[in-house]
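I opened this notebook to record what I looked up about pockets and the residues that line them.

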Amino acid sequence: MGQVHLKSAMNAEDDLEEAEAADMMFCASCGIAEVDDIKLMTCNDCDLVRYCSDKCQQGHRPRHDAKCKERAAELRDEILFRQPESTHFGDCPICCLPLLFNNNKSAMYTCCSKTICKGCEYASKLRQTEGRLEETCPFCRHPLSKDDEESNTNIMRRIEANDPHAMGHMGKRHWDEGDYDTAFEYLSRAAELGDAHAHFLLGHMYSWGQCVEKDKMRKLYHLEEAAIAGHPFARHSLAYYEQENESFDRAMKHWIIAANLGYDKAIQALKGYYKRGLISKEDFAASLRAHQAAVDATKSPLREEAAKFFAEFG
């Protein structure tokens, strides 16, 4: 009897999928079919229906709006809560090991906008010292900037080449100086080109009203874009936002993703959730293992040697 019910349920599901596929062959508003000279366009927000014209789409909007928004939110969450392969920092382009969260453990070179880990920077300094070579960028071998003016010239060249990391770096510099108008200009351009940290800073500018009107929706959009790109600090902000709104399940998902990226504060938050019974023992243990694996992946003997060297000699 159970097999009969299962088969019936499977057949019903197949029939529903076939009906939905058939519906996609017709305009959801006027019902005209897609033929040789008529091309239908899919609703960009939900992918559930198709239309033969903008007029039909606008006319059908009142009937479709609620279902469209519901499906669009589901699609957004599928992307938002997908585990990124790495943090937005990425890997050191020389040793190919993940970069650490601590900015003191890496350095960005304005000549090429590459962020190099201290281990590879240390190895480059050793090679240049032992060979009595000119000091150059560990990655592109460009001579190091002699002063701030030359460094600024280098980074402006990268900005002219539409380098999002250079734009984000310049935006962050102006943001630190309190020049929010210029910061917003650079950060907006960097975000359009996919820079995660630019999205993160824009989210906080909309949160605090720095040169822009406070806007919760824009704040969340930029924080989510940063989080999707692997920004653990953006996950942190989103998790706290969900906690304040008592959406503990969504907050927990953010903490788990951040913990899996090696973010220490996420583990501390999950410990609190475990004590309150908001996360299972199995899920908490899995996050602990993933967190430790992410941290271990950033370690190497060369990086440890470099840490000792820079701690002693600066």
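I first noted how the lining of the largest pocket divides by class: 12 residues are nonpolar, 12 polar and 8 charged. Here Ala, Val, Leu, Ile, Met, Phe, Trp, Tyr, Cys and Pro count as nonpolar, Asp, Glu, Lys and Arg as charged, and the others, Gly among them, as polar.

The model is predicted, with local features needing pLDDT of at least 70 and side-chain atom pairs pLDDT 80 or more, while totals for chains, interfaces and linings use all residues. Residues are numbered from 1 along each chain as its sequence is written, and side-chain values use heavy atoms, without hydrogens and water.

I then looked up the volume of the largest pocket, which is about 920 Å³. Its lining has 32 residues, and Phe 89, Asn 103, Met 108, Thr 115 and His 165 are the closest to the centre. A pocket is an open set of points on a 1 Å grid over the protein atoms alone, where a 1.4 Å probe fits, with protein on both sides within 12 Å along at least five of seven lines; lining residues have an atom within 4 Å of a point. Points are joined across faces, edges and corners, and the volume is the space filled by probe spheres set on them.

Which element gives the largest share of this lining? I found that helix 5 does, with 6 residues. Helices (H or I, at least four residues) and strands (E, at least two) are DSSP runs, numbered from the N terminus.

For the second largest pocket I recorded about 650 Å³. Helix 13 supplies the largest share of its lining, 5 residues. By class, I listed 13 nonpolar, 11 polar and 8 charged residues there.
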